[in-house]
Amino acid sequence: MSLLTDYGLILLVLACLFGFFMAWGVGANDVANAMGTSVGSRALTIKQAIVVAMVFEFCGAYLAGGEVTETIKNGIVDIDVMTADLLVLGMMSALLASGTWLLIATNKGWPVSTTHTIIGAVVGFAAFGVSFDAVHWSAILPIMASWVVTPFLSGVLAFGLFVSVQKLIINTDHPFENAKRYVPFYMFLTGFMVALMTISKGLKHVGLNINSEQSFLLAIGVGILVMLLGIFLLRRVQIAPDANRSTYFASVEKVFATLMIFTACSMAFAHGANDVANAVGPLAAIAGVIQNNGVAELGTKSAVPAWVLLLGAVGIVIGLATYGYKVIATVGRGITELTPSRGFAAELATASTVVGASAIGLPVSTTHTLVGAVLGIGLARGISALNLRVIGSIFMSWAITLPAGAFLAIVFFSILKLIFL
Amino acid sequence: MSINPFVSLFGRSPIGPMQQHIAKAHECASNLVPFFQAVIAEDWARVELVQQEMSRLEKEADKLKRNVRIHLPKSLFLPVPRSDLLELLSVQDKVANRAKDIAGLMLGRQMVIPQPLQPMILAFVQRSVDASEQALTAMNELDEILETGFGNREVNRVTAMIEVLEDIEHDTDRMQIEVRRTLFKLEKDLPPVDVMFLYTIIEWIGDVADRAERIGNRLEQLLAR
């Protein structure tokens, strides 16, 4: 117990620093893909995207980030097999490993996923640094499966959404009138979906306990509020009386651009909810153990402290403000082929999938889920050209990132053990 | 170029470049009208000028064609079959090629059109160019077809345009027969070699409309699913 009593505070401060740095990295890099869709389809300006991202990433991370953080905190490693010292040092090395790997990868320009790095690192230190039985292998399987399932699921959702848009709006006699009529329902869907997941799963640590029936009604209420706001915003969108065919479709897209303001919010929310855990999951584990004076069982059983999520949320926002806006601009410039009628479907499908995964505590990659959604729209003949090589690069990123995260975590773990034990 | 998997997901759309190519090919073909006017006027300096312009446009169309092909790797996922798109591109290119052939041969042999044939052949050329223009009009709808995600309404609009294109092509067939019949009546009074080449030119003018019609057919094939 000497390690934790002697160095407890220092370790906690260090863990906070590393966790904060990781959160900064998430804000600086990862948010760009979540927001780039809206910027690329010109539904939001860069400035608007930053504001939306800051507010909703924060809300997502703070209000709905608990479940995934919980998974990384104690869903992966088996606490009975290791001592509290090992757990603290291990989680510390996982943070260091993923931070290092992300720095290397970003410098070299490799496409890597924060989620996969941190999972690889946590599994790595536990399985090879402590013992092979220290990993809840039965918990790893659903996580790995979710990395395949979520892009597929969001692809199916996006396909369905886009086909419904074609049937109800685009492929009708009066697309503009139908857009104004049906788009509010998609707005309702967006608000309802995010609210339902958040209220039913996320608000426990804020001190609100609501049963499922109440949360369902509350979510409907939020959905209706969002819809009313949307209808109000849509009143500004009018069609020019002298519109020819191409400007007519541009007006239809403007209706979808309004819808995209809402789906962009849900996207930022979903991303914050899922990805904050990559940064603060290990920190939550360390904080739990140290605050309970080194009793690991108590540490793991206690809920994720709200201040940990707050730290992550603030880190993401600062990352966005200091560096992320540049990456958002770059990504936005790279995606110009996506019009709002497609972009909204991609965002809504991705946000629903990721928020759903967050609610059941599965750490998934927002970027990969978004790629799945865009491919789904492509299958519905909605996008003029998609580069299928990306799918290969995603598999490559799994194949490289997981071992790399694990390997680095083992190295850091050995070093930390040498220093402290 | 980009390493971000999300950004690199979006390929360059071939639709815009395809439309640029047909526009260039049609521009080349549409020069046949001033070309024949100059030939009939026997203003050989102007004939050469127009021929050079057509040759330049044909080269530019070639460049655009190669550009589309380079940017259509097999790994690209398109809403239409890649092979159909490439075939359409090659048919589009053939319109410009045939127009250039006509101009080249007529300039090279300094071909003179017999007077009774002149108004008839000018109308025939104009109608062939009309066919190429109609093909361009139909192709210009391709981006809207994409916008509507290949919705039936938009596809039907284009199908109607292709029907008009077919009507124009039928006109040119009829005119071609008429021109040939008129030439047949004149041929014994003309130098035989000149007549042979005149028949070739008449056939080639018909080819321009034929190939424009094939653009329409290919486009229809592209949209059918």
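Is the crossing of α2(A) and α11(A) left-handed or right-handed? In this predicted model, the crossing of these two helices is right-handed. The partners are helix α2 of chain A, residues 46–64, and helix α11 of chain A, residues 306–334. Their axes lie 9 Å apart, and the packing angle is about 150 degrees. Because angles over 145 degrees count as roughly antiparallel, α2(A) is roughly antiparallel to α11(A).

From α2(A), the contact draws on A:I46, A:A49, A:I50, A:A53, A:M54, A:E57, A:F58, A:A61 and A:Y62. The residues that α11(A) brings include A:L309, A:L310, A:G312, A:A313, A:I316 and A:V317, and A:L320, A:Y325, A:I328, A:A329 and A:G332 also belong to the α11(A) side. By class, the contact of α2(A) with α11(A) comprises 17 nonpolar residues, two polar and one charged.

We can now turn to where the chains meet. The contact involves 33 residues of chain A and 28 residues of chain B. On the chain B side, the elements giving two or more residues are β1 (76–77), α6 (142–147) and α7 (152–186). Of these, α6(B) gives the most, with three residues. The side of chain B that touches chain A is made up of 14 nonpolar, 10 polar and four charged residues.

Strand pairing also links the two chains. Strand β1 of chain A, residues 386–387, pairs with β1(B) in the antiparallel sense, over two bridges. Within β1(B), B:F77 is the residue that stands opposite A:L386.

Notes: Residues numbered from 1 in each chain as written. Chains lettered and ligands numbered in written order. Predicted model: local features only at pLDDT ≥ 70, side-chain atom pairs only at ≥ 80, totals over all residues. Contact = placed C-beta atoms within 7 Å. Helix = DSSP H or I, 4+ residues; strand = E, 2+ residues; numbered from the N terminus. Nonpolar A, V, L, I, M, F, W, Y, C, P; charged D, E, K, R; others polar. Pairing = 2+ DSSP bridges. Axes fitted to C-alpha atoms, helices over the stretch in contact; angles between N-to-C directions. Parallel < 35°, antiparallel > 145°, perpendicular 65-115°, else oblique. Left-handed = near helix turned anticlockwise from the far one by under 90°.
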